[in-house]
Amino acid sequence: MGGESMTRTAPHCGGTGTARAGGGRIGQRLSGIAVALGLVLFLGGFGWAAVSYRPYTVPTSSMTPTIDAGDRVVAQRVDGDEVRRGDVVVFEDKSWVSNAKVVKRVVAVGGDTVSCCTDGKLTVNGKRIDEPYLPAGSLAEIKGFPTVTVPKGRLFLLGDERQGSLDSTAHLTDAAQGTVSRDAVSARVDAVVWPWNGMLKRPTGFEALGALSRPGPLRTIELLIVAGAVLILGGGAYGPIAKRLGGSRARTEPGPAGAR
């Protein structure tokens with residue numbers, strides 16, 4: 001009779017070290033799904049931004065301190081009919097500047113009467129307007145002007161830096177008394193992005209005169225892009241991390257018993 005074999009067979013285990021190193025099939029599938037979803041959110045956010053917004057560089061200091069000269073802003077594409085009091089808008093009017101966009105704040109719309117000033121404050125429809133966005137210590141009466149009744153379908157605009165802004169008050173002798181057609185507006189500024197000053201504050205001083213504009217989808221777009229980037233990075237990092245952890249476990253686990 002042959003001698004009894006003393007060789008022990010290594011026990012079968014569920015899966016090889018190579019499979020464990022890759023994180024397992026379920027982990028790999030979830031990783032792929034995360035990357036795919038991340039790409040959809042990331043690219044979708046940029047696509048939505050490209051459709052909804054346009055970037056502009058403001059060349060003058062007429063909107064200081066809200067927007068300084070050289071600041072980069074993003075402005076939501078809107079129709080003139082969507083503009084409300086207090087909005088900072090981008091428009092083009094050849095009687096103001098030829099072949100150039102202008103950025104100013106809407107202080108009165110069609111049918112309003114606007115004048116300056118009462119106790120140092122802008123007056124719209126007989127109401128004194130609080131304007132916290134003006135430079136510290138500045139009074140609206142720096143740009144004193146007589147009462148103007150804004151024609152229907154037009155806007156009266158001022159710069160936040162009243163002393164140096166060439167705005168509606170510089171065009172009062174024009175046929176339209178310094179007002180601009182709503183159709184001239186192409187966008188509404190939502191945020192200053194360079195340097196990063198964030199979303200513009202709501203012009204609450206105009207609330208008593210009517211509804212204010214709602215912020216655009218910029219915050220939602222930011223969340224989509226950030227969430228997409230996190231999913232892409234997390235899903236992409238899963239495989240290498242799982243492989244490294246699997247390799248560490250393989251080195252620490254005891255090998256199969258040898259022959260005696």
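Searching the whole structure, a predicted model, turns up 3 aromatic pairs (rings of Phe, Tyr and Trp, the last by its six-membered ring, with centres within 6.5 Å; planes under 30 degrees apart are stacked, over 60 edge-to-face, and the rest tilted). One of them joins Phe-91 and Trp-96 in an edge-to-face arrangement, with 5.2 Å centre to centre and 85 degrees between the planes. Both Phe-91 and Trp-96 are buried (under 20% relative accessible area, with exposed meaning over 50% and partly exposed in between; 1.4 Å probe, protein chains only). Another pair, Phe-145 with Phe-156, is tilted, at 5.4 Å centre to centre and 35 degrees between the planes. This pair links distant parts of the chain, since Phe-145 belongs to strand E8 (residues 145–149) and Phe-156 to strand E9 (residues 154–158), 11 residues apart. Strands here are DSSP runs of at least two residues, numbered from the N terminus. Phe-145 counts as buried at 5% relative accessibility, as does Phe-156 at 0%.

As for charged contacts, the whole structure holds 7 salt bridges (a side-chain nitrogen of Lys or Arg within 4 Å of a carboxyl oxygen of Asp or Glu). Among them is the bridge between Arg-85 and Asp-112, whose closest N and O atoms are 2.8 Å apart. Arg-85 sits in the loop between E2 and E3, and Asp-112 in the loop between strand E4 (102–109) and strand E5 (113–118), so this bridge ties together parts 27 residues apart in sequence. Arg-85 is buried at a relative accessible area of 14%, and Asp-112 is buried at 3% relative accessibility.

The loop between E2 and E3 also supplies Asp-87, while Arg-188 comes from strand E11 (residues 185–194), so their pairing ties together parts 101 residues apart in sequence. Asp-87 is buried, with a relative accessible area of 6%, and Arg-188 is buried at 7% relative accessibility.

A further salt bridge brings Glu-131 and Arg-162 together, with 2.6 Å between the closest N and O atoms. Glu-131 lies in the loop between strand E7 (127–128) and E8, and Arg-162 in the loop between E9 and strand E10 (180–181), 31 residues apart. Glu-131 counts as buried at 11% relative accessibility, and Arg-162 at 1%.

Residues are numbered from 1 along each chain as its sequence is written, and side-chain values use heavy atoms, leaving out hydrogens and water. Local features need pLDDT of at least 70 and side-chain atom pairs pLDDT 80 or more, whereas totals for chains, interfaces and linings use all residues.

Technical notes
Helices (H or I, at least four residues) and strands (E, at least two) are DSSP runs, numbered from the N terminus.
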